[in-house]
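Hi,

Here is the structure I said I would pass on. Have a look at it first, and then read on for what turned up.

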Amino acid sequence: MTFFFEVLIGGLLAGVMYSLVALGFVLIYKASGVFNFAQGAMVFFAALTFVSIVERGVNFWLAIAITLAAMVVLAFAIERVVLRFLVNQPQITLFMATIGLAYFIEGLAQGLWGAQVHAIELGIQDVPFKLAGINISQFDLFASGTAAVLVAVLALFFSYTRTGRALRAVADDHQAALSIGIPLERIWVIVWAVAGFVALVAGLLWGARTGVQFALTFTALKALPVLILGGFESIPGAIVGGLIIGATEKLAEVYIGSSLGLNIGTGIENWFPYALAMVFLLIRPEGLFGEKRIERV
Amino acid sequence: MIRSVSLSVRKTALCAVIGAMVGAAAPAFAQNEQFIPMLSYRVGPYAAGGTGFFGGFIDYLDMVNKRDGGVNGVKLTWEECETEYKNDRGMECYERLKKKGPTGATVVDPLSTGITYAISDRAPTDKIPVVSLGHGRSDAADGRVFEYVFPLITSYWSQSTAKIKFIGQKEGGMDKLKGKKIVNLYHGSAYGKETIPVLDVQAKKYGFTVTHIEVPHPGNEQQSQWLQVGQIKPDWVILRGWGVMNPVALRTAQRVGYPSNKILGVWWSGAEEDVLPAGDAAKGYIAASFHPSGTNFAVIQDILKHVYGGGKKGNVDDPKRIGQQYFNRGVIQGILAVEGIRVAQEKYGKGKPITGEQMKWGLENLNLSEQRLKQIGASGLMSPLKSSCLDHEGGGAIKFMAWDGAKWTNITDWIQSDQSIVRPMVEEAAAKYAKEKHLTPRKC
Amino acid sequence: MIYREAGQFKTTYAKDQAIFPIRQDRYAMAAILTIAFFIVPFSVSDYWFNAILIPFLILALAALGLNILTGYTGQLSLGTAGFMAVGAFAAFNFMLRVPGMPLLVAFILAGLTAALVGIAFGLPSLRIKGFYLAVATLAAQFFIEWVLIKFGWFSNYNSSGVITAQPMIILGYEFITPRSKYLLTLAIVAVMALAAKNMARSETGRVWMAVRDMDIAAEVIGINILKAKLLAFAVSSFYCGVAGALWAYAYLGSVEPSAFTLDRSFQILFMIIIGGVGTVLGSFLGAAFIVLLPILLNVGAHYIPGVPRDLLSNLELIVFGGLIIFFLAVEPHGLARLWQIGKEKLRLWPFPH
């Protein structure tokens, strides 16, 4: 039984890590209606910039500030060069543009900082401590704590500040928001910069675990089923979706494996969350917390 | 109109470049040169390994040019083509570069199993030998079927037998393996699956149980796999990883409390890039390699002197990488290529460039004895190697190293593979390939 | 002045409904086909066949398949590479296990297998739309990759999971030279492109476009959405399956499941977006662009002196991504639309209106 709880809790905590990446997607989708496939590349770019600056001898917190500044510059550039020319294009075009953007950022990151693999030390040991006989990772708990704080801050931002409300207005309808005087470009820069900040946090936490290397861009693929489950526009949805996906994925990997004979079930982690999300969509097409779409003829 | 202007500008630019490309198809090399195409990858998830390996390879060739003036006066030339580790890009690069140089491409090592497979089919028609150093198809060791493919030094199957020998050593003898539990944690790809059959054969022979656990590509997350390992409580874990799977495995092992000095990695899990991100979780981790790290080998010193000396720039940006695993691997590839050229020149005429077919002969008649290695300056860097028409592998040996947090240190001497297990499997698989492709194996 | 319709009268319904109603178009098409079938095979080097023309044709076929699904029917799919993989492995297994199987029949059966898989994974499209469907097709992509690697039966228990394509023999003639492979691929692709064009012009095509434009309205006027969508998935997967089989047999010669990853799906999606969604010409133009661009970048990089190799390779990625964005911003309807605008202008040229 302890084993079951170990897998479950490990899965829940892994799910939090997925949610961190999904948060960036949600932010951008919520505010600009763009499904930003480049989020994974942004995670990589942020982490690589940070770690390269730290390795040149800069203090930790100063490096974070510099990286944030770099993400703001990136947001500016994206808004000016990409988004401005694609106002009111269909979603698929914007999606394709973000895939192009992902290639661009990946090339830029390794072109600027090199192809080396880097380690990040955040000062938290990954040794487990025992709670009621179950091994729990300190690092995972730290990550969950960070995610919780981040979500709280973002939720407050969206509900109670003027900029947050403006962001939601822009998500609803670009042209309507323009017509009531919301400065569209500035809003987009803000939201992409915030998503860049979330990407930095996700990049640091994932990078501490896997090392800062190109594979960080694959974290985006893990976040997609989370988004489906939680809905593309909902921040609490990203968290809940992440928890569900993480837990079921790990439980399926272990238990479907051992019940059918270890050699059948192993390795299903790649497609199982997607299959789960697909089944879920058949029942509830907008996700748990997504906005219901009304289609008119 | 803006649209039509941009269209015409784009069209003319496109035409000009295509024209230049077609026009530039004629080789622009002098006559006394030996051309080696470099199907390198410097972007993407495996760029760290690619830049190291091809850096070492190119630096060695550069050094031979500068120190010796080439091979008996024939200068070595090369051209890089970015494959991004993708099979079709590799194929395109191969096709583009295979006819360059006065005698065409001499030898090719794409450092990618997928590209090797794809090119191996064309190599016999194009008569260009493909060296798959420490990767690629293990059954290509049978030179009767795979005339132009050379999995030199050692293949995956051979390496697996050497690993079991090492474990046997550590346990106090091969008979002590009976009843032991080993987990094979493999990357969910063609590369990862490659050693499952040979481990099963050895498990039956020596009486240990092997459990194969797959880590789905890319391996960012291995929680459930290592929890299963924790349930099984094996005596040893063989880590057959690639890229990001390696540091994550080591960290996750630490998290579930599995000792790092019982984890045995393959050489694609045994480079500095694989252990540095894992921090102190990697201390004590053991990895197999067919060459050590370090710069105190005469040939590496020569590279430092002739290529990097006096502040000159070599192919590698960060001089710390010289002497690391991937760099040294590239140097060894260079040694094999140059030795192959030299041996072929002995037979076909010194001082002039050789063709791919002659290079194949050269690679089949390598005799890198300990004495010859001393002459080259690679004593201790490589194990002695002797290839033949029948054996395209060469019988290379494997050393095991442990990571101490800052560098790799050797913990064994050269361990030979067990060809009594591997060779029958190789011949069976090669025969199957020959049947599928309607090939008649040649006589050796 | 050259390109005008004046003086061309249609005297039968059949002539009016022809694919190329304008005489100049027919001449141009005939010229292209003549060049492709008779002149190109004897005038270009092996490199062009092996590295450019054959992959271009195969990827154009896959792009056609995706265009049918995404362009005409509006079902966004990211599982294209998975269906190609099904086709490749199915062709291998049919040739391997059925003695005396003719090559073309194996390709057709491979396409049908892919079609069946496509229908299975297309079922969710009845409830799910847009991006959500795209992510659901990702489930198809990853699942297919997993199945092909996991179960050794598919690769005949090869220890690496790689399949080596058998030699291609039709009626005793073995297609081994690049030229013959090119001609075989060209023939198959030409026939299937013609079929696609006709499907698009027929009632099936109009039903698909109705589903794309407004599927609720289509249902209201009596179109069977279930049949339409599943047919689209089936036909599209058939095309992708045949493309996958050709990829294994006519191009690479040996294939592992990692040749058909998500990257490839994205590549094909790029092709139809840049080429022009919902057009047959667009599939070809997009395929040409995406196949040639990396090669041009690679070759062009050599002419920039003194830049370190690492930076050059990364520059390739940067320029590629940048060009994609540039294209989407400048002409979101793709190269086919540019071609159409060109034709419109040509009809008047040299007169202004």
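Pro350(C) sits in the segment after H14 of chain C.

Before going further, please keep in mind that this is a predicted model.

On confidence, chain B has a mean pLDDT of 86, with 93% of its residues at 70 or more. Within chain B, strand E7 (residues 236-240) has the highest confidence, at 94, while helix H1 (residues 2-23) has the lowest, at a mean of 46. Where pLDDT is low, the predicted coordinates should not be read in detail.

Staying with chain B, two residues have a positive phi without being glycine. One is Glu84(B), with phi near 55 degrees, in the loop between strand E2 (75-82) and helix H3 (87-97) of chain B. The other is Lys233(B), also with phi near 55 degrees, in the loop between H8 and E7 of chain B. Are they buried or exposed? Glu84(B) has 24 other C-beta atoms within 10 Å, so it counts as buried. Lys233(B) has 9 other C-beta atoms within 10 Å, so it counts as exposed.

Now for how chain B is divided. The domain assignment gives domain 1 (28-154 + 293-397 + 419-444) and domain 2 (156-289) of chain B. Taken over C-alpha atoms, the centres of domain 1 and domain 2 of chain B are 28 Å apart. Where they meet, domain 1 of chain B puts in 16 residues and domain 2 of chain B puts in 21. On the domain 1 side, helix H2 (47-68), helix H12 (325-348) and helix H15 (419-436) of chain B give two or more residues each. H15(B) gives the most, with four residues. By class, that side of domain 1 of chain B has eight nonpolar residues, seven polar and one charged.

Next, the contacts between chains. Chain A meets chain C through 37 residues of chain A and 35 residues of chain C. On the chain A side, helix H4 (91-113), helix H9 (219-230) and helix H12 (272-283) of chain A each supply at least two residues. H4(A) has the largest share, 15 residues. That side of chain A has 25 nonpolar, ten polar and two charged residues.

Chain C also touches chain B, with 34 residues from chain C and 37 residues from chain B. The helices of chain C that each supply at least two residues here are H3 (46-72), H12 (280-302), H13 (309-330) and H14 (335-348). H13(C) gives the largest share, seven residues. This side of chain C divides into 17 nonpolar, 13 polar and four charged residues.

What about the inside? The largest nonpolar core has 361 residues, and Ala62(C), Ala91(C) and Ala248(C) touch the most other members. Helix H10 (residues 225-252) of chain C gives the largest share of this core, 19 residues. Domain 1 and domain 2 of chain B each give at least three residues to this core. Leaving out residues up to four places away in sequence, Ala248(C) touches several residues, among them Ala88(C), Ala91(C) and Phe92(C).

Helix H6 (residues 130-150) of chain C reaches 31 Å from its first C-alpha to its last, close to the 30 Å expected for its 21 residues. It is largely enclosed by the rest of the structure, because 18 of those 21 residues are buried. Helix H5 (residues 138-160) of chain A has 23 residues, and its end C-alpha atoms are 33 Å apart, which agrees with the 33 Å it should span. The buried residues of H5(A) are Phe139(A), Asp140(A), Ala143(A), Ala147(A) and Leu154(A).

Cheers

How values were computed
Residues are numbered from 1 along each chain as its sequence is written. Chains are lettered from A and ligands numbered from 1 in the order in which they are written. This is a predicted model: local features need pLDDT of at least 70, side-chain atom pairs count only at pLDDT 80 or more; totals for chains, interfaces and linings use all residues. pLDDT is the predictor's confidence in each residue, from 0 to 100. The expected span of a helix is 1.5 Å times one less than its number of residues. A residue is buried if 20 or more other C-beta atoms lie within 10 Å of its own, exposed if 12 or fewer, and partly exposed in between; C-beta atoms are placed from the backbone. Two residues are in contact if their C-beta atoms, placed from the backbone, lie within 7 Å. Ala, Val, Leu, Ile, Met, Phe, Trp, Tyr, Cys and Pro count as nonpolar, Asp, Glu, Lys and Arg as charged, and the others, Gly among them, as polar. A nonpolar core is a set of buried Ala, Val, Leu, Ile, Met, Phe, Trp, Tyr and Cys residues joined through C-beta atoms within 7 Å. Domain bounds come from an automatic or database domain assignment.
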